[in-house]
Amino acid sequence: MATWLIFLALFFTVYFASLFTPPLMDDVDASHAQTAQHIIDSGNWITTQTNGIRYIEKPPLPFWLVTISYKLFGENSFATHLPNALAILSLTWLAWLWARRAWDARAGLYAGLAVLTSIGPFLFTRFIIPESILSLLLLIALYSLLTSLEDNKPARVYWAWAALALALLIKGLIAPVFFFGGVIPYLYLSGQARRWRDLKPLTGSLLFLAIAAPWHILVGLANRGEGHPVGNIPTLGNVHNWWYFYFINEHVFRFFGKRYPHDYNKLPTLAYWLLHLVWLFPWSLFLPALFAVAWKTRRTWLPQLRHYDQPFPLDPSALQPRFRVRTIWLLSLFSAFSLLFFSISTNQEYYTFPVWPPLFILIAGVLANTEEHPRDHTAATIPIAWITNAQAVFAVIGIFVAAALSWGLWDSRALPFVPDIGTLLAHRAVGNYTLSMSHFFDLTGPSFAALRLPASLAAVAFLLGPAIGWWLRRKGKHLAATISIALTSAVFLIAAHIAFARFSPMLSSERMAETIMQRGTPADTFIIMGEQSDASSIVYYTHNFFHGKPADVVLPRCGQHGEGSTLLWGSCYTDAPDIFLSDQQLATTWGTGDRKWLFAQDTNQLKAQHLLAGRLYLVQTVADKDLWTDRPLP
């Protein structure tokens, strides 16, 4: 009971409270939210759309979940991000359940705390990406498979097949690839492969297909090819069918970095591996202890696994050790395969999210076992010094972080608070903004003045929390010391969310949407100079105001150089709405008919000012974004 009171307190203060701010962000966040709006308007749950154009490169389940949330809670930021937050709470429960069974109650507590207070899971549930839900479904599949075999309950394996089918509808083929990439070696090495009948391969596959196949069939039938496409680049009226686009372009070619359009990036190899220390922080402090145990027991890995290669040991005392050994093997193989896969493939920082909960479970087991048996010198344990030293490292990190934040606060003490932090940021375009963390590198000294509150909160947390934890660890109060790590991280995540909300003028254009709705009419036209994703939050927030009318974009339709990447493939279909304007069309229609609103960001502002010189009426500037209209406002 006490454990879950802690979990729920952390969930509501760190995750639930952050669902209400900031507003939806431009780019992927609001673009994906638009698909749920389209489902509500059209009733079409098969072919999703963004800004009136087919958006068929993603599986539908994340959009379905948001649509259901909208029907329950309305179209807002809370409802949009609620499915991701609930996935984190469910992951907390499953990590707690699994670690508690494999080790004990303390390990379960630590596994749940790690899910709730690590940087990566928090950071990558701030916008609509399906990784948290994918991670939950894959962990359900792994746990169901393992426990069905361990408890001799073959029917439970159907949960694994069902979860895997839903995971396919969340993220595509990567879900079964990750699952079987870890499970097949595990079954072979553990001797469980001979129990293949208990895995229900025939009826399980039928259940899998019954859940996953209908959408794939229906969307393929609804989105056949047109014309005579040549190569992988579509042209107007010449488009490959959905099966080619989805399975070949979006899966196979993406893996090899040949997908069109090339609107993604790949982390450098060293950064890819080292960034996991950040995503798993602060629990990555105990990764050395995990590796130390693995190295110390390396000669017993296979012998121990084979020792338990018997379906039902007569001695009940062997049940938990066997479950623990098989847990370690299954989660380790799954994690290793997934990490290696994305070290080869194209990747984003959050692609390895499904690996993080299994690693948290393994870290929790080692940490709890070491704390509870500090003087045990058996092969499966390490000295408590490994944990104490990790706590000392945390204390040192805390001092450096607190010092850096204090220096920033002191250095910006004379600077005025500027609500629009976007006006103070650089535009360094790290990774050409195709990496999710690119904007982090745009921070400048003056921008720190807008972050005084979260910086002060984080500085106090890192100055006191790690030091108190190290003192508790030195006193042998290991449980309290580890909980202090979670509490320190929780306070930091709260501060991080406050800082994140301060960035909302830079990340979201909701203010401009409010301006249009307050001063415009539904008969007006909204135009984006450049990518739809640049102003997707305006399209989202004005959707009902404009009665679902899509925004126009100043881009070539079905561009041959990757322009308008979100809408590119869908715009090549001949039945796509003609929302694409050339420069000449914009110049000719500007100032005619009903009022027009024009949005431009960064370099597109100069293009708009040159093209429409003397005919632009500036309405609003937010961060690096301008909103104009074509006639004076009353």
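1. Let's start with Asn-51, which is buried at a relative accessible area of 5% (buried means under 20% relative accessible area, exposed over 50%, partly exposed in between, with a 1.4 Å probe and protein chains only). Asn-51 sits in the loop between β1 (49-50) and β2 (53-54), and its phi is near 55 degrees, a positive value in a residue other than glycine. Strands and helices here are DSSP runs numbered from the N terminus (E of at least two residues for strands, H or I of at least four for helices).

2. Before going further, a word on the basis: this is a predicted model, in which local features need pLDDT of at least 70 and side-chain atom pairs count only at pLDDT 80 or more, while totals for chains, interfaces and linings use all residues. Residues are numbered from 1 along each chain as its sequence is written, and side-chain values use heavy atoms, with hydrogens and water left out.

3. His-547 also has a positive phi, near 55 degrees, and is a residue other than glycine. His-547 is exposed, with a relative accessible area of 67%, and belongs to the loop between α22 (536-541) and β4 (552-553).

4. Two cis peptide bonds deserve a look when you check the backbone. Thr-21 to Pro-22 is cis, with omega near -10 degrees; Pro-22 is in the loop between α1 (2-16) and α2 (28-42). Tyr-260 and Pro-261 are joined by a cis bond with omega about 0 degrees, and Pro-261 lies in the loop between α11 (242-255) and α12 (269-279). As background, most residues other than glycine have a negative phi, and most peptide bonds are trans.

5. The largest nonpolar core has 137 residues, of which Trp-98, Leu-138, Phe-286 and Ile-361 touch the most other members. Helix α4 (residues 77-102) gives the most to this core, with 13 residues. A second, separate core of 34 residues includes Ile-128, Met-512, Ile-579 and Phe-580. A nonpolar core here is a set of buried Ala, Val, Leu, Ile, Met, Phe, Trp, Tyr and Cys residues joined through side-chain atoms within 4.5 Å.

6. What does Ile-361 touch, leaving aside its neighbours within four places in sequence? Ile-361 is in contact with Ala-95, Trp-98, Ala-99, Trp-103, Ala-111, Leu-139 and Leu-331, where contact means heavy atoms within 4.5 Å.

7. On to helix packing, starting with α1 and α4. Their axes come within 11 Å and cross at roughly 155 degrees (axes are lines fitted to C-alpha atoms, for helices over the stretch in contact, and angles run from 0 to 180 degrees between N-to-C directions). That makes α1 roughly antiparallel to α4; angles under 35 degrees count as roughly parallel, over 145 as roughly antiparallel, 65 to 115 as roughly perpendicular and the rest as oblique. Residues of α1 including Trp-4, Phe-7 and Phe-11 meet residues of α4 including Ile-88, Leu-89 and Trp-93. By class, this contact of α1 with α4 has twelve nonpolar, two polar and no charged residues (Ala, Val, Leu, Ile, Met, Phe, Trp, Tyr, Cys and Pro count as nonpolar, Asp, Glu, Lys and Arg as charged, and the others, Gly among them, as polar).

8. Helices α15 (residues 319-344) and α16 (residues 356-372) pack at about 140 degrees with axes 9 Å apart, which makes α15 oblique to α16. Their crossing is left-handed. On the α15 side the contact is made by Ile-328, Leu-331, Ser-332, Phe-334 and Ser-335, and on the α16 side by Pro-358, Leu-359, Ile-361 and Leu-362. Seven of the contact residues are nonpolar, two polar and none charged.

9. Helices α17 (residues 385-411) and α18 (residues 452-474) pack at about 155 degrees, with axes 8 Å apart, and are therefore roughly antiparallel. The α17 crossing of α18 is left-handed, and the contact divides into 17 nonpolar, six polar and three charged residues.

10. Leu-290, in helix α13 (residues 287-296), has a relative accessible area of 14% and is buried; beyond its neighbours within four places in sequence, Leu-290 is in contact with Leu-362, Ile-363 and Val-366. Gln-605, in helix α25 (residues 603-611), counts as buried at 16% relative accessibility. With neighbours within four places in sequence left aside, Gln-605 contacts Ala-600, Asp-624, Lys-625, Asp-626 and Trp-628.

How values were computed: A crossing is left-handed if the near helix is turned anticlockwise from the far one by less than a right angle, and right-handed if clockwise.
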